Amino acid sequence: MPETVAVRCPACRREHRYTAPAYPCACGAPVAPRLDRDGSPTPVSHRVWQDDWVTVRCGSCGRRGEWPHPEVGCSCGVVLRVAVVEGPVGIRDQDSATTGGPPPAESAITGRDTAGGQDKTSARDTADAPDTSATGDAAPARPPFRSVTIRTALDAVTATALYLRWLGYRGVRRADQRPPSGIGLAARGVVAQVDPAVRPAGLRDVECLWLTAMTESADCLYFSLAGYADDARARADALGVPLFVLDLTGTPRPVNAPAETLAAAGPGSRAR
């Protein structure tokens, strides 16, 4: 059950009751960060990508990765980053093994699996378990996709990262190259662009994403909140770029044939 803690705003002294949100792991189990009941909230003065995420491990399958760092918006206008329980992985693993309980919740923009003695890697590490969808080996059926409600641009990025993992891509992380608009994500063999703008994505947006993917010998996917201009959709169809529209529930909807094929069959269905 998600934890609930009292969070007091240091600016206006208002107290909020905060419940940690649970996000679906790739295995389908809900995952939530452990809140530090004795910690103090930190006002967010400016955003840094690394500080917006917290490493969490799924208590069911053990996958590690990054989830959005818990935050509370106070009515006085201050955004508070809620303290979470973090520590060296080895110590936490040892504690869970000693008590005989499940490992503490920890899981996925990367979903790094440390079973078998592998060392924990950073969020930018692309190494991960083999992807059986591209090898023809039998893989378990995907659980239903569960996402997060989109209220902010960060929510759109989180929803896209969850969807990429649900499709079967591994090692999802922030892309090395920043796109001309929106936010870039990358995984093994794919680059994706998340466009939270209120205007439809244009022809140049789709072509720039396709060119970036070509230079990295990767596939590409585009996710937009506002849809696509007609010329952008036509160009994407010609180039084979899957286009998705994110609704406010955080569920990507395919809007062209390449996206429909990918959503139905996973990455292994696409010719490389």
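Student: Which residue takes a positive phi just after α5?

Tutor: G266 does, with a phi of about 85°. This is a predicted model, where local features need pLDDT of at least 70 and side-chain atom pairs count only at pLDDT 80 or more, while totals for chains, interfaces and linings use all residues. Residues are numbered from 1 along each chain as its sequence is written, and side-chain values use heavy atoms, with hydrogens and water left out.

Student: Which residues of α5 are buried?

Tutor: P258, A259, L262 and A263. Buried means under 20% relative accessible area, exposed over 50%, and partly exposed in between (1.4 Å probe, protein chains only).

Student: Why do the buried residues of α5 line one face of the helix?

Tutor: Look down the axis: they fall within an arc of 130°, so they share one face. The arc is taken from the directions that run from the helix axis to the C-beta atoms. A257 and A264, on the other side, are exposed.

Student: What covers the buried residues of α5?

Tutor: The cover includes α2 (153–167), α4 (230–239), β14 (219–224), β15 (243–246) and β16 (252–254). Contact here means heavy atoms within 4.5 Å.

Student: Which sheet holds β14, β15 and β16?

Tutor: An open sheet of 6 strands, in the order β11-β12-β13-β14-β15-β16, with mixed pairing. Two strands pair if DSSP finds at least two bridges between them.

Student: What makes β11 and β16 edge strands?

Tutor: Each pairs on one side only. β16 pairs with β15 in the antiparallel sense over 3 bridges. In β16, P254 is the bridge partner of F244.

Student: Why is the aromatic pair of F223 and F244 called stacked?

Tutor: Rings of Phe, Tyr and Trp (its six-membered ring) pair if their centres lie within 6.5 Å; planes under 30 degrees apart count as stacked, over 60 as edge-to-face and the rest as tilted. F223 and F244 lie 4.9 Å centre to centre, with 10° between the planes, so the pair counts as stacked. This pair links distant parts of the chain: F223 is in strand β14 and F244 is in strand β15, 21 residues apart. Both residues are buried.

Student: Which residues do ring pairs link into a cluster?

Tutor: F145, Y163, W166, F223 and F244. The whole structure has 7 aromatic pairs.

Student: How do you know that E71 and R81 meet in a salt bridge?

Tutor: A salt bridge needs a side-chain nitrogen of Lys or Arg within 4 Å of a carboxyl oxygen of Asp or Glu. The E71 and R81 side chains are 3.5 Å apart, N to O, so they qualify. E71 is in strand β8 (residues 71–73) and R81 in strand β9 (residues 79–81), 10 residues apart. At 23% relative accessible area, E71 is partly exposed. R81, at 13%, is buried.

Student: How many salt bridges does the structure hold?

Tutor: It holds 4. Among them, E15 meets R8 at 3.1 Å, N to O, and D205 meets R199 at 3.3 Å, N to O. D205 is buried at 7% relative accessibility, whereas R199 is partly exposed at 38%.

Student: Why is C9 in no disulfide?

Tutor: A disulfide is a pair of cysteine sulfur atoms within 2.5 Å. C12 is in no disulfide either: the sulfur of C74, its nearest, is 3.5 Å away. The whole structure has 0 disulfides. C9 counts as buried at 0% relative accessibility, and C12 as partly exposed at 27%.

Student: Why is strand β6 largely enclosed by the rest of the structure?

Tutor: Because 4 of its 5 residues (53–57) are buried. β6 pairs with strand β7 (residues 63–68) in the antiparallel sense over 5 bridges. W53 has P68 in β7 as its bridge partner.

Student: What do β6 and β7 form?

Tutor: A hairpin, with 5 residues between the strands. In the turn, G62 has a positive phi of about 85°.

Note on methods
Helix = DSSP H or I, 4+ residues; strand = E, 2+ residues; numbered from the N terminus.
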